[in-house]
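Me: I am new to this structure and would like to go through how its chains meet. Could we take it step by step?

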Protein chains: 2
Amino acid sequence: MNDLDIRPAGAADIQAIVDMLADDPLGAQRESPDDLTPYLAAHQRLADDPNQHLMVAVRADRVVGTLQLTVIPGLSRKGAVRSVIEAVRVHADERGSGLGTRLIEWAVEESRRQGCRLVQLTSDATRADAHRFYERLGFQASHIGFKLAL
Amino acid sequence: MNDLDIRPAGAADIQAIVDMLADDPLGAQRESPDDLTPYLAAHQRLADDPNQHLMVAVRADRVVGTLQLTVIPGLSRKGAVRSVIEAVRVHADERGSGLGTRLIEWAVEESRRQGCRLVQLTSDATRADAHRFYERLGFQASHIGFKLAL
């Protein structure tokens, strides 16, 4: 559809983003959409960092998707810059609309524009649908993702 | 051993870091230790970014290990800050000395000091020894790591 806009998230978008983060089998246990205080503080920190891109997809003035793109310089691979995609969410009403693809394509294009040589992300091992989705978009499931909660 | 120092990498350490990146079955095909130009540019960019910590482990004035720690704010998990460990390398002479453990323990402690709620990393699916190493240190292999080369 033509009326989709992907743009940086403002403070007024945070409630809609948090509602999407919480509307998910894993997120429901981890988020607190009734108290935006910690999310607004995090948004300010992201907005102040030129390597952070917290984005929303907006259709007809309504936030229907989000992702976070982080640009990471590094020495490996002859000083290659890479990007990391986190926190991809599509509103329940929009699933199957191709919006997830649009969001990832945006992230890949923006990474290319910024000179990244590699785009990476991790997906919970239980999210089988997400794995097929990323493989269809050309990503290779070449790594194991390890996490340590503090 | 007591004489190990873990400190931020300076420009004078870059040759030793690149030599370690290249001394590896995967790195040998990807690095160019005879031309430091792109690595020095990357080092400057890392040094200018307060969320980036490119570290070296030094023993008796010799660089024997390295890692890169990136601090990533975000909205997920009630605005939790996370950290990402990349480019962990231990000099061939030091393997089995416990230096890898010291480096990861440093990264976990620094992440905790900076208020991170999660430490994450990805490891190539072919590096079986590395996977056992991270699991021994308490990391959970809960995710699949996807990469797209640009």
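Reply: The notes below cover the interface of chain A and chain B. This is a predicted model, in which local features need pLDDT of at least 70, side-chain atom pairs count only at pLDDT 80 or more, and totals for chains, interfaces and linings use all residues. Residues are numbered from 1 along each chain as its sequence is written, chains are lettered from A and ligands numbered from 1 in the order in which they are written, and side-chain values use heavy atoms, with hydrogens and water left out.

Me: How many residues does the contact take from chain A and from chain B?

Reply: Each side is counted by contact (heavy atoms within 4.5 Å). Chain A gives 61 residues and chain B gives 61 residues.

Me: And what area do they bury between them?

Reply: About 5,700 Å², with 60% of it on carbon and sulfur atoms. A:Leu75, A:Phe146 and A:Leu150 supply 17% of the area that chain A buries against chain B, more than any other three residues. Buried area is the accessible area (1.4 Å probe) that two parts lose on being put together, summed over both.

Me: Which residue forms a salt bridge with A:Arg82?

Reply: That residue is B:Glu86, and the closest N and O atoms are 3.1 Å apart.

Me: Now the strands. What does S6(A) join in chain B?

Reply: Five bridges join S6(A) to strand S6 (residues 140-149) of chain B, and the two run antiparallel. A:Lys147 stands opposite B:Gln140, and A:Gln140 stands opposite B:Lys147. Seven bridges also link S6(A) with strand S5 (residues 116-124) of chain B, again antiparallel. There, B:Leu121 is the bridge partner of A:Phe146. Strands (E, at least two residues) are DSSP runs, numbered from the N terminus, and two strands pair if DSSP finds at least two bridges between them.

Me: Why do the copies meet through the same surface?

Reply: They do so because 100% of the interface residues of chain A are also interface residues in chain B.

Terms used:
A salt bridge is a side-chain nitrogen of Lys or Arg within 4 Å of a carboxyl oxygen of Asp or Glu. Helices (H or I, at least four residues) and strands (E, at least two) are DSSP runs, numbered from the N terminus.
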